[in-house]
Amino acid sequence: MANHKKKKKYRGFWIFFKIQLALFLLLAGVCIYYFAGGYAKTVQQLKDEADSLVARSTTSLFREGETGLVYDCEGKLLKTYKGERDSYYISYKDIPDLVVKAMISVEDRKFYDHKGVDYRAIIRAAIAMLQNGEVTQGGSTITQQLARTVFLSNERTWERKVEELFIARNLERKYTKSQILEFYLNNIYFGNGYYGIQAASQGYFSKGVHDLDLSQTAFLCAIPNNPTLYDPVMNKKNTLRRRNLILSDMYDQGFISLSVSKEAKQEKIKLKRKKGVEKNNYVETYVNDCAVRTLMKTQGFEFQNSFENEKKRKAYEKDFMQMYKDCEHSLYTSGYRIYTSINLDHQEKLQNAIDTALSGYQETNEEGIYRLQASGATIDNTTGYVTAVVGGRSQDYDGYTLNRAYQSFRQPGSAIKPLLVYTPQLERGYTPDTVVSDTPIEDGPANADGVYSGNIPLRYAVSTSKNTIAWKLLDELTPKTGLEYLEAMYFSQIDIEDNRLPAALGGFTNGVSALELTAGYATLQNDGCYRAPNCITKIKDTQGNLIYLSDYENNDKKTSPDDEEQYDGDRIYKSNAARMMTDMLQTVMTEGTGRGLGLGEMPCAGKTGTTNDNKDGWFAGYTRYYTTAIWVGYDQPAPLPGLTGASYPGNIWHNYMLSIHEDLTPMNFIPYIEQKEITVE
C-alpha cells in the first residue's frame with residue numbers, strides 16, 4: 001500500500017517534469033527557428049528603423065502631408081490630394097475635453113495606463129480571433145494607430161505590425177500623452193478628404209470643433225475606425241450606430257450620465273457640408289475610386305464578385321473595406337503622381353448632352369436635387385480606358401455628389417439581351433439568319449408593341465427587340481449560364497434571385513450601372529475580350545518611381561482602331577460570335593428600335609432598353625473608336641411617360657457620339673465568318 005502511494009506521489013512529479021520539459025523544448029525550438037530563420041535579424045532591423053524614424057521626428061512632422069497630383073489624358077493638372085492638416089491643426093489645450101473622452105472611450109480605454117502597446121488587448125484580440133475564426137476586436141492603441149498613420153505604409157504584413165509596435169513604444173518615450181493625443185486627433189482620417197477633428201468638424205458641420213455638441217462629437221469620433229464603413233455621407237446609419245456605441249461607452253466609463261447619454265442618442269444629426277472645402281464632382285469621385293482600387297491591386301488584393309456562401313462574401317467585404325480604407329488614406333498622404341485617361345473635352349460634351357436633353361425637367365426633391373436624372377460613361381475602344389464619366393445633371397449643390405455612372409444600379413431592360421442571351425447563343429450555333437418563332441408564350445412576356453411576327457430571322461428579332469425570342473433563347477441557354485457571362489465581366493450586383501427567366505428582359509434584383517453596361521458593350525466591340533473599366537494609366541511616387549503601369553501602357557505594341565490584332569483582355573465571347581452580334585446591332589441602328597440615332601457615315605452599333613412602366617431608359621452603342629452607354633430615370637424609380645431607350649437616352653447618345661466623332665475617319669467593323677444556319681421552332 002505504501003509503495004502504491006509512493007508511486008502516485010512521484011507520478012505527479014513526473015507529469016509536471018514532462019510538461020516543463022515539453023515547454024522548454026518548444027521554447028528552444030521557437031528560439032532556434034527565430035534566430036536560424038533570420039527573423040531575429042529582421043526584427044532587429046525593424047527596431048533600428050523605428051528608433052531612427054522617431055528619433056528624427058519633430059512636432060512639425062505631424063502637421064505635414066505630401067500633396068498628390070492627378071493629371072488628365074493630356075497631362076494637365078486635374079485635381080490634388082491634400083489633407084488640410086496645417087490649415088485646421090489645433091493644439092491639445094484647444095481640443096474640447098469631450099472629444100478626448102469620446103475617442104479614448106471607443107479606441108483605447110487604457111491609453112493613460114500603457115506605454116504605447118496594450119499587450120493584454122493584443123492577447124484578447126488574438127483569442128477572439130481563434131474563437132471566432134476572424135478578427136472581431138482590435139488590439140491597436142491610439143499610439144499604434146498614430147504610428148502607422150504617420151510613419152508607415154498600408155502594407156498588411158507582420159513586418160509592418162512589428163515595426164508599428166516599436167514606433168509606438170518610442171513615441172511614448174519621446175512625447176507626452178497629451179502630445180500624442182494632439183498628434184492623433186490632428187492626423188487621423190475622418191473620410192472624404194478630412195484629416196483631423198477640426199477639418200472634419202468644418203467639413204461635415206460647417207463649424208469649429210468647439211461648437212459641436214456631445215452627439216455631434218461622438219458622431220465624428222465614430223468615423224476613424226473605418227472611414228468607408230462609417231462614412232457619414234454614404235453610410236450615415238452605420239455612423240449613427242457607432243455614435244450610440246460611443247455614447248454607451250462614455251457612460252460605462254463615467255464620463256457622462258445615463259440621461260445625457262440617452263438624450264444624445266435621440267438627437268438627429270444633420271450634415272451641413274462646407275461649400276468649397278472639397279471639390280466633389282463626377283470626374284473626381286470616379287478618379288478617386290479608380291486610384292484606390294488600382295493601389296489595392298498593387299498591394300495584391302484580388303477582386304471578387306461571386307462567392308460560394310454568405311460567410312465568404314462577408315469575409316471578403318470586410319477585407320475589401322479595410323484595404324480600401326488603407327489605400328484611400330495613402331492617396332492623401334503619399335504624394336502620388338496619378339495619370340489618367342480622362343478626356344475633359346469628352347467629359348464636357350457628355351455633360352452638356354445630358355443637361356440639354358433634360359433641361360425641361362426642373363422638379364427637385366426635398367434636398368434640392370433634380371428628380372429626373374441621367375448618367376453615362378465612355379470607353380476608348382483602342383486602349384480600354386474610360387475617357388468620360390458623368391453621374392448626373394449639372395447642379396449647384398453643396399452636399400455629396402452621387403456618381404450614378406458607377407454607384408447607381410438599375411434594371412437594364414432589353415439593353416442586356418445582347419450580353420446575356422444573344423451573343424452566348426451565337427456561340428452555340430445561332431447566326432443572324434437563324435429562323436426563330438415569335439409567338440405568344442403562356443405565362444411569359446408580351447412584345448412591347450403587342451405584335452407577333454411568326455417565323456423571323458434572329459436579326460429581325462434583335463432589331464425590333466422581341467421579348468418572346470429573348471425569353472425562349474434564355475430558357476434554352478438557362479439563366480445560370482447567361483449570368484455567368486455577366487459575372488465574368490464583373491457586373492457587381494448580380495443576385496442569386498436573378499437566376500430566372502425574367503433576367504432575359506433585364507428583370508434583375510439590383511440591376512447594372514452605366515459603366516458596367518459600357519464595359520459589356522465594349523467587350524463586343526473588342527472581339528469578345530473584356531477589359532475592366534479604369535481611368536488610371538500610371539502612378540508614380542514622389543521620387544518619380546513607377547509603382548503602377550496599365551496593361552496598355554506596358555504593351556510594347558501600341559495599336560490603332562484599324563488594327564485587327566488589337567484585342568486583349570479576358571476572353572468572354574468567341575470572336576466570331578461578338579462580330580455577329582455587332583453586325584445585328586448595326587441593323588438595330590438602321591432598321592430597328594435605334595433607327596434615326598445613327599452617326600451619319602460613321603458605322604455604329606447599338607441597342608435600346610426600356611423597363612416596365614417606363615421607369616428606366618437605356619441606350620448602349622459603339623463605333624470602332626468609342627463605346628458609350630446612357631441611362632435616364634428617377635433616383636427613386638417612377639414612371640416617366642414617353643421614356644424609352646430611343647427617346648432621351650438615345651438622343652443623348654446620338655448627340656454626344658456625333659460630337660466626339662466629328663473629325664474621325666469612318667471605319668467599318670470587322671465582318672464575321674458565315675456559319676451554317678439552324679431553324680428554331
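Start by selecting strand S4 (residues 372–380) together with S14 (626–634): the two pair in the antiparallel sense over 9 bridges. Helices and strands here are DSSP runs numbered from the N terminus, a helix (H or I) having at least four residues and a strand (E) at least two. Two strands count as paired if DSSP finds at least two bridges between them. For a landmark, highlight Ala374, which stands opposite Val632 in S14.

Before moving on, a word about what is on your screen: this is a predicted model, in which local features need pLDDT of at least 70 and side-chain atom pairs count only at pLDDT 80 or more, while totals for chains, interfaces and linings use all residues. Residues are numbered from 1 along each chain as its sequence is written, and side-chain values use heavy atoms, with hydrogens and water left out.

**The whole sheet**

In what order do the 5 strands of the open sheet run? The order is S5-S4-S14-S13-S12, and the pairing is antiparallel. Strand S5 (386–390) and S12 are the edge strands, each pairing on one side only. On average, neighbouring strands of this sheet are turned by 5° against each other, direction ignored. Strands of a sheet pair through backbone hydrogen bonds, either parallel or antiparallel.

Next, show the helices that pack on the sheet. H15 touches S4, S5 and S14, and its direction makes about 30° with that of S5. Helix H21 (residues 514–525) lies across S4, S5, S12, S13 and S14, running at about 35° to S4. These angles run from 0 to 180 degrees between N-to-C directions, with axes fitted to C-alpha atoms, for helices over the stretch in contact.

**Strand S13**

Select S13 (residues 616–622) and colour it on its own. Is this strand buried or exposed? 7 of its 7 residues are buried, so S13 is largely enclosed by the rest of the structure. Buried means under 20% relative accessible area, exposed means over 50%, and partly exposed is in between (1.4 Å probe, protein chains only). Both faces are covered: Asp616, Trp618, Ala620 and Tyr622 are buried on one side, and Gly617, Phe619 and Gly621 on the other.

Gly609 stands opposite Trp618, and strand S12 (residues 605–610) pairs with S13 over 6 antiparallel bridges. The hairpin of S12 and S13 has 5 residues between the strands, and there Asp613 takes a positive phi near 60°. Trp618 also stands opposite Trp631 in S14. S13 and S14 run antiparallel, joined by 7 bridges, and a hairpin of 3 residues connects them.

**The nonpolar cores**

Now turn to Leu419, Leu458 and Leu486, the residues with the most contacts inside the largest nonpolar core, which has 89 residues. Such a core is a set of buried Ala, Val, Leu, Ile, Met, Phe, Trp, Tyr and Cys residues joined through side-chain atoms within 4.5 Å. Helix H13 (residues 282–298) gives the most to this core, with 8 residues. Beyond its neighbours within four places in sequence, Leu419 is in contact (heavy atoms within 4.5 Å) with several residues, including Tyr485, Leu486, Phe491 and Tyr573. Apart from this core lies another, of 51 residues, among them Ile95, Ile167, Leu171 and Val209.

While H13 is selected, find Thr294, which sits in this helix. Thr294 is buried, with a relative accessible area of 3%. Leaving aside neighbours within four places in sequence, Thr294 touches Asn534, Ile536, Ile539 and Tyr548.

**Salt bridges**

For the last stop, show charged side chains. A salt bridge here is a side-chain nitrogen of Lys or Arg within 4 Å of a carboxyl oxygen of Asp or Glu, and the count comes to 22.

- Asp635 and Arg404 meet at 2.7 Å, N to O. Asp635 lies in the loop between S14 and helix H23 (648–660) and Arg404 in helix H16 (residues 404–407), so the pair ties together parts 231 residues apart in sequence. Arg404 is buried at 5%, whereas Asp635 is partly exposed at 28%.
- Asp345 and Lys349 have their closest N and O atoms 3.2 Å apart. Both lie in H15 (residues 344–357), 4 residues apart, about one turn of the helix.
- Lys101 and Asp97 form a salt bridge at 2.9 Å. They too are 4 residues apart, in helix H4 (residues 97–107).
- Glu310, Arg313 and Glu317 are linked in a network of salt bridges.
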